[in-house]
Every structure is written in structure tokens, then in C-alpha cells.
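Dear colleague,

I am passing on the structure below, with the request that you look through it before reading my notes.

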Amino acid sequence: MATECPLLRMTGVSKRYPGVVALDGVDLEVRKGEVHILLGENGAGKSTLMKILAGAVRRDEGTIEIDGVPLDEPGPRAAQAAGVSIIYQEFNLIPHLTVAENIFLGRERGLGFPGVIDQGWIFREAERRLTDLGVAIDARAVVDDLGVAEQQMVEVAKALSIDAKVLVMDEPTSALTDKEIVRLFSVIRGLQARGVAVIYISHRMEELFQIGDRVTVLRDGRLIGTRTIRDTTMDGLIQMMVGRDLTEKFPKRAVTPGEELLKVEGLARRGVLHDISFTLRRGEVVGLAGLMGSGRTELARAIFGADPIDAGSIRIRGREVKIDSPRAAIHAGVGFLTEDRKRQGLVLALSVTENVCLANVNRMATAGCMHLAQEESAAQRYITDLRIKTPGAAQRVMNLSGGNQQKVVLAKWLCRETEILLFDEPTRGIDVGSKVEIYQLINRLAAEGKAILMISSELPEILGMSDRILVMNRGRIAGEFQAAAATQESLLQCALASSHP
Amino acid sequence: MKIPPVIASHARQFGTLLVFMVLCVVLTVLTPHFLTVSNLLNVAQQTSINAVIAVGLTYVIISAGIDLSVGSIVAFSGVVMAGALQAGWPVAAAVLTGLAVGTGCGIVNGLLIAFGRLPPFIATLGMMSVARGLGLLHTDGRPVSGFGDAFRWLANGEVVGVPVPVLIMLGVYAAAHFVLRRTKFGRYVFAIGGNEEASLLSGVPVAAYKVAVYAVSGLLAALGSVLLTARLNSAQPIAGINYELDAIAATVIGGTSLMGGQGSVIGTLIGALIMGVLRNGLNLLGVSSFFQQVVIGAVIIAAVLLDTVFKRQKR
């Protein structure tokens, strides 16, 4: 159980980047054996604070004490030696090495001959630690062959193998199934009992109440407050995060669906999609629900021409179109907001302007020459219109927070005047405040006459946002619901139903 | 301290420029022969060949590729052009033929990479050998020498006192800079190098532009070959060995990232000038050509090392 003595004490930590104050005099106290939630919108400074703790980023001001010993020496090694271990959202595992080799990477024990590794010791020790954690993973398995949840456990084992006193977990559940989350939580409780302090970052509010002891909220680089979880409510926390009341999480709107913009008939891709037919009307938001692996993203990719199809037709505005590449899809008026913004949506090294105009270069150029002023003004328009937080249009996208990066992707398609928008998990990894902004944008786009297909794993989001809901199950459309008539239970039932009873 | 955005975004080029200027000052102090009009024009002329080829490499490297075949393309396109000249073709026709050969080799590279999905390293390594072999076959291994004055004017001629190769180099750089910064082609080169998948999903015709990038590299290698052949008054099937390495070096010294997505041709020009001035200066100082190689290698490493140290500081 949590005791009162602080194990970690960060005082007055500040960090400035050119044009941005990332952290402004933040204090954080974490006790032995507690799970301390760090909460804040994207760009609030959570990641920067944790990178400073881990020694990956230098602080401008402030002190860090662990067990009363000041941590002054910069760099990750000093932080590690002081007992800080961090598990980033993107794992740092070497894919083609074994679990055991990964756990002890950089801390191998020698056999006596210089440079020769004691493999036996590594495997025995790794097995012991995995057993301690209560997870059944073969220490000799190659990491690349493991699922995401298992890789996560390897990360935990690796983090603990340095005898960490403070373990930071950044969005540990974002890629896990419910069952895997339960297992992760039981591992975390085990750590707690051993006196490890866990700092836990997550956007999934319901999790916080399950696993957290105390919560610290940051906003715009400043400390808003630290509370005991038992004494807070979800609404209270949201208010602390965004600084305003969010009464309407899913803003309502009246729709009168117009003409048919997209009609998919008998679409198939061998082994992935089977006989898919549906329509999208102007002004309509259609939710696409289903389990992971049910073919939702694959369907969007097929419509967008990113994957080839084996059968079926796609009609846009009543005319049959042959979509064999993303280029053809864009030409026909389809835009795709991918799930993985950084890998598939943005060119991180390019500026906001260049990303916004990327799908629209043809219309921004005469005889191949770009109209830089026209591009810049388009970017400025979307920065204002979508409230993209950036020091300027020339800023590189890599320096923006997740929610703002998502807005840049959206701006890219709006700039192209795309009428059919495929959103794949539009709010994944985005904080509560930005989520509502994205919802409002989606509603606005629908009201402006766009047709929207929204893939989401969050059923409340599907129910709150959609006019109609399609449920996918093993590559087929297993059901269609009017949003008013659907419930979480009915959608789930449809998504889980086995086709061969 | 507030740094103006123009300088901040070109900080790497300013660093390279600083190195270049320091080098010039040092050589001016060390030898009276360095800072003379004729020597500087000489340096510019000697640099022009590497500088022109390096522009193509810069495009390729920004697109996150590599082209090892440019040295062999110099030889192959050179002997084909020389053969045409000796067969009595008009200079323009012969030169265009040479440029077409280089462009063709580049297009083959591009097709193998974009549609055959070969890694650029492998495709252009193959072309390096193929083009070299074709050049040797074409002349049966012999050099082709002796051309008319009209052709040799491309190397020896002057326009208002400036050597023609220098003018060609400056023209290539002005055009290449404009294309990279102000045109659709340039934008797509950065986008493809920065994130190929996102570019594809944004409707960028990635494959076609990749082919175009390698075609440009082949074309500029052939242009370099025109300058070389005119200067030597001879085309040799064994010409251009290690030219690809010089061009890569100029590009990298100029701050273009081998990871792709970032870079500039202005940096490459300065990079090529640094290499040219260094060679010239060491010659003037009477340093042995063996030791020159050591110095130039060290400078390449030092330039990139400085860059990484500088980047680490900024973090």
C-alpha cells in the first residue's frame, strides 16, 4: 500500500523550446508503491516531464530527488542508475533478438573470456523474472513473433531488470485488448505490492479509476493539481484538463442525408473482405464498428485503392469508378485519414504548409511551379479554421502534438476539397479536449455536405457520432443499425457473433 | 537568443559556408597563389564536373535513395558521345546523344527501383558494372580522342571572362535550386524522401517521380561527362571511377541527410567547392597527392561529425 514518504520529488521543473514553454515550474511527488496517473491534453507537457525524468531531455530549471538523493547528473544512464525506468509508447525492442537477449541488452554477463556472453545465465535470469511477473512468455522466443501485449510484458520485464524504483508507462494499453489490459493491471498491482512507484500516462479515463491511486493534472505546461483518485470524478478531471466544462461530449446535430455519394457493391479481397455492400450519403456520418482484425481498416484501404480488390464495384456520385491506386481514389474525391498519422498520414520533416497542400500540389502549381503564397494562405486558413496550435505555418509537423497533427491531416483533405472522407480511428491517442474538437469538426463537415465513414473501436464514440452504423465481423458486414436503435450491447453482439454456430 | 527563421532553417548551410570561408582565408594566408582570379576560376572549373554530378546525387539522396552508377555513366555516355563526334555528327546532336544515354541509364535505375522494388543500392550497384562494361565494349576498351574546336569550346571557351563550364555549373545550380524549392517535382522529392507511404496515400505518384529522380541523376552525370570529355579532349571507358563517391561526399558535406527528406543543392555546391578548394590548396602547397587523400577523407568525416555534434547540442 502507498505510504506517505515521497519516493520521487520533482520541484519547479521548467523547459523552454524556441517559441514554446513546454513546462513551467511543475512539481510532482510520487510515493512508494503507488500508481500515479499523469493526466493532460496532448501538448500539456506530460511527455516532456517524463523525458526529463528519464534523462532524455535536459531541464532548464528545477530539481529531481529520488529517495532523497538529488539527481543532478544529466543523461539516461544516470537516471537509470537512480532507479528510473520508462516504457515508451513505441517499444524499444530489437525485433530479431530473443526475449531474454532483449531484457538484458547492454547488461549481458560475461563468461570469463572477454566479449563472450553467458547465454545460459541470460535465459535463466530472464525466465525467473518473467515468472516473477506472472507472465507465460518463452524467454527464447524471438520478439518479432510475439503479439503486442506480450512485447509490452517484455518491456516491463526489461524495465524492472534494472531494479527500477520508479517505472513510467506511457499509454501502455493503447494497443491492448480488454483481456490483455486486465493482465497488465494485475502485473502493475504486483509491482505496487513490491514498492515500485508507477507513473501511468493514459487517455482512457475509465482505466484511471481502475488502477490509479493519485492523479496529477497538467495543462499547457503548468501544474493544475494533484488529487486522490477516490476523491475525484471523471467530470472533475476533464474540467481540470481542459479548463472548461464539457457537458456535451458528442454534440448533437440534425441531418437530412442527401444524394448518394458512395455506393460499394460486392467488394471482395481474397481472405480479407467478403461481399461488402453499403452506401454513403451526403451529410451522413456512418460508423464502422467491429473487432480488431475484422477488416475495418482493410475495407477503407480497399475503397481508397491502397490495396487491390478481387471483385466488386465502387460508384461515386452514381458513376462507376475504377480505383486502382490512392491517386485514383483522391481524383474521384475520396480522402483517407489513416490510423497511424506519423507513418501514413504526414511527412514529419516537412512544414505544416507543405503537409496541408501535399494532396493538392497540382492545383497549387502552374506548369509545375508552386505558388508559395497561395499555399501559405491556404495553410493559414486551416490553422485558424481548425484551431491548429503551431508557432507558424512553416513549423515542421514533427514538433506538433498528436491532436494538432491529426488536424493537419484533416486540413490536407479539406484543402483538396474531398467530399468522401474515410476516418480510421480519428481520435486514437488524442486527449479529451481535442477529441471533442475533432467530433465538432466531423459534424461540421457532415453539415457542409460531406459523406463520412468513421472507423472506431470506441463504441460510445460510434454511438454518439453516427447516423447509421455498420458492424464488421470476419471481413463481412454483419449488421446495419440506425444509430437511434443501436446499443453497445447490440453492436458488440453483432461484432462477436460467430458465423458458423 | 532569437535566431531569424531563415538562418535557423538553413543553419547547416551557414555552417558549411563558414567552413568554406575559413578554408579560403587560411589558404590565402598560406600561399600567395591562392587568391588570384586565374586560380579561383581554375578551381571553379575543376569543381564544375563533380558539382554538376553531385546535384543529381543530392536529388537522389533527398528522395531517400542512392546512386552508385554515376561514375560509370560518365564513362559510358562519354564514349558514346565521342564516337558520334568522330563519326562526324554535329556537336549538338552528339552531345544530346550522350545526355540521352545517361538519362536512359538513369531511367533503367529508376524502373528497377520503383517498379522492380529493388533497393537503390543494389540496382545502381548493378548499373555501375553494366554501364562500365558497355562503355568498354563500345570502344573495345580504347579511349576516343581528338575533337573539333566547337566541342572543345565547352571546356575552354569563355563568356565575358568566365569559363563556360563554370557558367554551365551555375546554370545547373540555379535551375536545380528553383526546381527543388519552387516546383511540384521538388516538393514531391522531399515528400517521398520524408515519408514514402504518407506520400503515396496523399496521391503522390511515387513510382513515376522516383524514376524521374534517377533519370535526372543520369542526365547530370552525362552532362558532367560532356565537360570532362571536352576538357581532356578524350573520352575514356575507364573515366569517372570513384566519381560517385566524390558526389556523395559533396552532398553530405553540404548537409543533405542520407536518411532522406532533408537537404539543399546550395549546400552541395558549397560542399563541392570545399573539396575543390582543398585539392587546389594542397596542390599549391606542394602536399603529396597521397597525403591529399588522407586530408580530404578527414575533412568529410569532420564536416559530418561537426554536424551531428551540432544537432546533439540543439536537442
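I begin with the place where the two chains meet, at which 20 residues of chain B are in contact with 25 residues of chain A. On the chain B side of this contact, helix 9 (184-194) and helix 10 (196-201) of chain B each supply at least two residues, and the largest share, 6 residues, comes from helix 9 of chain B. By residue type, the side of chain B that touches chain A divides into 8 nonpolar, 8 polar and 4 charged residues. Please bear in mind throughout that this is a predicted model.

Turning to chain A as a whole, its secondary structure comes to 17 helices and 22 strands. The radius of gyration of chain A is 25 Å, close to the 23 Å that the globule rule gives for 501 residues, so chain A is as compact as a globular protein of that length. Taken along the principal axes, the C-alpha atoms of chain A fill a box of roughly 70 × 55 × 50 Å. Of the 501 residues in chain A, 45% are buried, and among the contacts in chain A with a separation of 6 or more, 68% are between residues 24 or more positions apart.

Within chain A there is an open sheet of 6 strands, with the order 16-19-20-13-21-22 and mixed pairing. Strand 16 (334-337) and strand 22 (476-482) of chain A stand at the edges, and each has a single partner strand, so one side of each is left without a neighbour in the sheet. On average, and with direction ignored, neighbouring strands of this sheet are turned by 20° against each other. Helix 15 (residues 432-447) of chain A lies across strand 13 (285-290), strand 19 and strand 20 (451-455) of chain A, and it runs at about 150° to strand 20 of chain A.

A further set of pairings in chain A involves strand 14 (residues 311-316), which runs antiparallel to strand 11 (residues 260-269) of chain A and is joined to it by 5 bridges. In that pairing, Ser313(A) in strand 14 of chain A is the bridge partner of Glu265(A). Strand 14 of chain A also pairs in the antiparallel sense with strand 15 (residues 319-321) of chain A, over 3 bridges, and there Arg315(A) stands opposite Glu320(A) in strand 15 of chain A. Strand 14 and strand 15 of chain A form a hairpin with 2 residues between them, and Arg317(A) in the turn has a positive phi of about 50°.

Asp163(A) has a positive phi, near 55°, and lies in the loop between helix 5 (148-160) and strand 7 (166-170) of chain A; with 9 other C-beta atoms within 10 Å, Asp163(A) is exposed. In chain B, Asp140(B) likewise has a positive phi, near 60°, and is found in the loop between helix 6 (120-139) and strand 1 (144-145) of chain B. Asp140(B) counts as exposed, with 7 C-beta neighbours inside 10 Å.

Leaving aside residues up to four places away in sequence, Val35(A) touches Ile188(A), Gln192(A), Val198(A), Tyr200(A), Ile211(A), Gly212(A) and Asp213(A). Between the C-alpha atoms of Val35(A) and Ala54(A), which are 19 residues apart along the chain, the separation is 17 Å.

Lastly, in chain B, helix 4 (residues 70-86) has 17 residues and reaches 24 Å from its first C-alpha to its last, close to the 24 Å expected at 1.5 Å a residue. Of the 17 residues of helix 4 of chain B, 15 are buried, so this helix is largely enclosed by the rest of the structure. Just after helix 4 of chain B, Gly88(B) takes a positive phi of about 90°.

With best regards

Note on methods. Residues numbered from 1 in each chain as written. Chains lettered and ligands numbered in written order. Predicted model: local features only at pLDDT ≥ 70, side-chain atom pairs only at ≥ 80, totals over all residues. Pairing = 2+ DSSP bridges. Helix = DSSP H or I, 4+ residues; strand = E, 2+ residues; numbered from the N terminus. Axes fitted to C-alpha atoms, helices over the stretch in contact; angles between N-to-C directions. Contact = placed C-beta atoms within 7 Å. Buried ≥ 20, exposed ≤ 12 C-beta atoms within 10 Å, placed from the backbone. Nonpolar A, V, L, I, M, F, W, Y, C, P; charged D, E, K, R; others polar. Rg over C-alpha atoms; globule rule 2.2 N^0.38 Å. Expected span 1.5 Å × (residues − 1).
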